[in-house]
Amino acid sequence: MRDRILETASALFYRNGVRAVGVDLIVRESGIAKTSLYRHFATKDVLVAAFLKEEDGDFWRHWDAVAAKHFDDPAVELDAHLEWIGARLRRPGYRGCPQLNVAAEFADPQHPARRVAVAHKEEMRRRLTSIAGRMGLPRPEEVGAELALVFDGAFMSAPLGGGERIAATLKTSVEALLKAARSG
């Protein structure tokens, strides 16, 4: 039952935005009683945080699978990440990064879902910094932060139209950023 609630809520939250989705809609769409929802998720905020944790886990499972194949060659690893992320940007119904979407809806830094979103973005910067460091680039922390910013720009731009173009622009932007980093 918990999984059905979370699956239904996740689809609704991603498609419509968190604030636009009420508990009554989740109950109706999932076919469960409101008391059952609250037995598994004490508040809507807890449910939103669980949604983001699921999205977070899914994203990092994809990332880790790619990283495991290419860890010995960080440049190839980064290219492989750009490929699967590009596919993500091009998929039908793509509405952007769930973490960024939720962070935009909840300004309170103590909101449980916002904390999940912030942790996700910190992890993204950490992982991209690691790749930059393994590539031997100068100032890997700066390069990692710049890469994260470019990725986030693509995540937020693709839902506005032109996922194919945004995926291509992401790749060329990363290539330009790396070239600039190499040349100092």
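## Helix packing and selected residues

Val 46 is partly exposed, with a relative accessible area of 36%. Partly exposed covers the range between buried (under 20% relative accessible area) and exposed (over 50%), using a 1.4 Å probe and protein chains only. Val 46 sits in helix 4, residues 44-70. Its C-alpha atom is separated by 34 Å from that of Ala 80, which is 34 residues away along the chain.

This is a predicted model, in which local features need pLDDT of at least 70, side-chain atom pairs count only at pLDDT 80 or more, and totals for chains, interfaces and linings use all residues. Residues are numbered from 1 along each chain as its sequence is written, and side-chain values use heavy atoms, with hydrogens and water left out.

**Overall build**

The protein has 9 helices and 0 strands. Helices (H or I, at least four residues) and strands (E, at least two) are DSSP runs, numbered from the N terminus. The pattern along the sequence is α-α-α-α-α-α-α-α-α. The C-alpha atoms fill a box of roughly 60 × 30 × 30 Å, taken along the principal axes.

Of the 184 residues, 46% count as buried. The protein exposes about 9300 Å², and carbon and sulfur atoms supply 54% of that area. Accessible areas come from the Shrake-Rupley method with a 1.4 Å probe; for residues, only the protein chains shown count as cover. Take the contacts between residues at least 6 apart in sequence: 65% of them join residues at least 24 apart. Contact means heavy atoms within 4.5 Å.

Two packed helices are described by the angle between their axes and the distance between the axes. Axes are lines fitted to C-alpha atoms, for helices over the stretch in contact, and angles run from 0 to 180 degrees between N-to-C directions.

Helix 1 (residues 2-16) packs against helix 2 (residues 23-30) at an angle of about 120 degrees, with the axes 9 Å apart. That makes helix 1 oblique to helix 2. Angles under 35 degrees count as roughly parallel, over 145 as roughly antiparallel, 65 to 115 as roughly perpendicular and the rest as oblique. From helix 1, Arg 4, Ile 5, Thr 8, Ala 9, Leu 12 and Phe 13 meet Leu 25, Ile 26, Glu 29 and Ser 30 of helix 2. By class, this contact has 6 nonpolar, 2 polar and 2 charged residues. Ala, Val, Leu, Ile, Met, Phe, Trp, Tyr, Cys and Pro count as nonpolar, Asp, Glu, Lys and Arg as charged, and the others, Gly among them, as polar.

The axes of helix 1 and helix 4 come within 9 Å and cross at roughly 85 degrees. That makes helix 1 roughly perpendicular to helix 4. The contact is made by Arg 2, Ile 5, Leu 6, Ala 9, Ser 10, Phe 13 and Tyr 14 of helix 1, with Lys 44, Leu 47, Val 48, Ala 50, Phe 51 and Glu 54 of helix 4. It has 9 nonpolar, 1 polar and 3 charged residues.

| Residue | Relative accessible area |
|---|---|
| Thr 129 | 17%, buried |
| Glu 146 | 29%, partly exposed |

Thr 129 lies in helix 7, residues 112-134. Leaving aside neighbours within four places in sequence, Thr 129 is in contact with Pro 140, Glu 141, Gly 144 and Ala 145. Glu 146 belongs to helix 8, residues 140-157. Glu 146 and Leu 177 are 31 residues apart in sequence, yet 7.8 Å apart in space, C-alpha to C-alpha.
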